[in-house]
Amino acid sequence: MNEKRASRIWASIVKCASREGAPVSVRHVCLACAEAVSAGVAVFLSDSTLRTGQLVFATDPLGEELVELQTTAGEGPAVDAAAGFEPVLVPELGVEWSRGRWPGYVPDAVRAGAKAQFSIPLRIGAVRLGALDLSRRTSGPLAAGALADAMVCADAVLALVLDRAAGAGGEDRFFDHGAELHQAAGMVSVQLGVPVGEAMVRLRAHAYAHGERLGEVAKAVVQRQLRFSANDKSEGEHR
Amino acid sequence: MSVPDARVTRTFVELADTLVADFDLIEFLHLLTVRCVELLAVEAAGLLLANSHGVLNVVAASGEEVRLLELLQLQNEEGAAIDCYREGRAIECPDVTRAAQWPVFARAAQEAGFAAVVAVPMRLRNEVVGAVNLFAATTGELGPDRLSVGQALADIATIGILHERTLRRHEVLVEQLQTALTSRITIEQAKGVLAERLGIGVDEAFASLRLFARSHRRRLAEVATSVVERQPEGEAVAEAYRRTR
């Protein structure tokens, strides 16, 4: 059952954090993900506005190197995943179609020791932030259930990255909300003249600053009781 | 009450016809919910899919009224859809005033004007991926005929989502579900952008998106992406709306 999957993953993330006595961060999501899918895990962020200081996290040197290679070459499974809608799954990195698709990346990746790579988009609707990049030194597909586990981890990374950008604590999970949140983000993006991803961050920051729930803030925006103005620094005005 | 055979056949042919190369999943699912309402003589229909967290999300509904969407969405706490999803079987409630097991859902359903509710599972082999909700304005059972047509429509919806030649890997199911859910989120974002730009409500914004997609033979999710990313096509949608006023 999927509910059990999400609880299991979050419990694992929290455990990784408490092992270090630190608040939950992207690092812990990657560690938990690595345990769940038996692969190296790295985060590839394509949206520079949301980097919040830390460039990339990787659970192992291979993962880190692959992200660097893809960033430099401007191509690779993570680059495609970050730009597209779907995961890019490459159980055998060295085969012809893979070499043909990413000629500026695959030879270097194989030389570095990578045999399989699976990249999952980090996105909320049309807001694309990057990809969660899984890699292995052995070829073969992901185990059953591993992809779904990795997707839950991708959502967790998204929630943490957005929350950090909002200066908030990482408690609010963007994926537990319904349509209103996304409609509100669209509206606020026009009000502020910013991309939708940033609008989501501003909504979250407003909720956090006012001690309100994100869902309530979204509802107020959609009902036109709360409006964000480009002149304000971070907060919306209630009517 | 039985369902007229010819209309059922026509509907299935119509839906099967849409399962071609350039097929638009969200539009297909929307059409399916509308056909549910027509064929089964119910008031409203909604289609929910579970994401990888097991949270049911509305992916299509026969109408965009807030009341209906909220009613569908709140079922993550209690209601016919969540029971149907968990148990993998049809759940019927011919009279919501008797639904003591769903106090919040029953009240919301009544406030929305519904007296009876049914949920049929969307399943592929052993996996339940979501549910189709049917709402009637009067009490009473759906009856075996309508229930089996409803299940067949839900099965078509599942096939539409798993629109691949063969389902070789479990990953394809997960990917396709994620694509459907991501598409829906993009559409919600686009509704917000358009609503704000044009000074209209989100349901009117959705209608303008659909109209544009259909008349330009583009997928809803693609047009929505253009709107959200402020690409020229997105501008064209706003322009097209303004011209109709």
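Reply: The contact between the chains takes 40 residues from chain A and 38 residues from chain B. Keep in mind that this is a predicted model. Together, chain A and chain B bury about 3,200 Å² between them, and 57% of that area lies on carbon and sulfur atoms.

Polar and charged pairs also cross the interface. Between chain A and chain B, 10 residue pairs are in polar contact, counting pairs with both residues at pLDDT 80 or more. The interface of chain A and chain B also holds 3 salt bridges. In a salt bridge between the chains, the side chain of Arg227(A) meets that of Glu196(B), at 2.8 Å from N to O.

Next, some strands within chain B. Strand S4 of chain B covers residues 116-124 and is mostly covered, with 7 of its 9 residues buried. S4(B) has strand S3 (residues 91-93) of chain B as an antiparallel partner, joined to S4(B) by 3 bridges. One pairing links Glu92(B) with Val118(B), its bridge partner in S4(B). S4(B) also runs antiparallel to strand S5 (residues 127-136) of chain B, and here 9 bridges join the two. Within this pairing, Met122(B) stands opposite Gly130(B) in S5(B). S4(B) and S5(B) form a hairpin with 2 residues between them. Arg125(B), in the turn, has a positive phi of about 50°.

Ser226(B) belongs to helix H9 of chain B, residues 220-228. Is Ser226(B) buried or exposed? Its relative accessible area is 4%, which is under the 20% limit, so Ser226(B) counts as buried. Leaving aside neighbours within four places in sequence, Ser226(B) is in contact with Arg218(B), Gln231(B), Glu233(B) and Gly234(B). With Glu233(B) there is also a polar contact, made from side chain to side chain at 2.7 Å.

Notes. Residues are numbered from 1 along each chain as its sequence is written. Chains are lettered from A and ligands numbered from 1 in the order in which they are written. This is a predicted model: local features need pLDDT of at least 70, side-chain atom pairs count only at pLDDT 80 or more; totals for chains, interfaces and linings use all residues. Side-chain values use heavy atoms; hydrogens and water are left out. Helices (H or I, at least four residues) and strands (E, at least two) are DSSP runs, numbered from the N terminus. Buried means under 20% relative accessible area, exposed over 50%, partly exposed in between (1.4 Å probe, protein chains only). A polar contact is a pair of N or O atoms within 3.5 Å; within protein, one must be able to donate a hydrogen and the other to accept it, and residues adjacent in sequence count only if both atoms are side-chain atoms. Contact means heavy atoms within 4.5 Å. Buried area is the accessible area (1.4 Å probe) that two parts lose on being put together, summed over both. A salt bridge is a side-chain nitrogen of Lys or Arg within 4 Å of a carboxyl oxygen of Asp or Glu. Two strands pair if DSSP finds at least two bridges between them.
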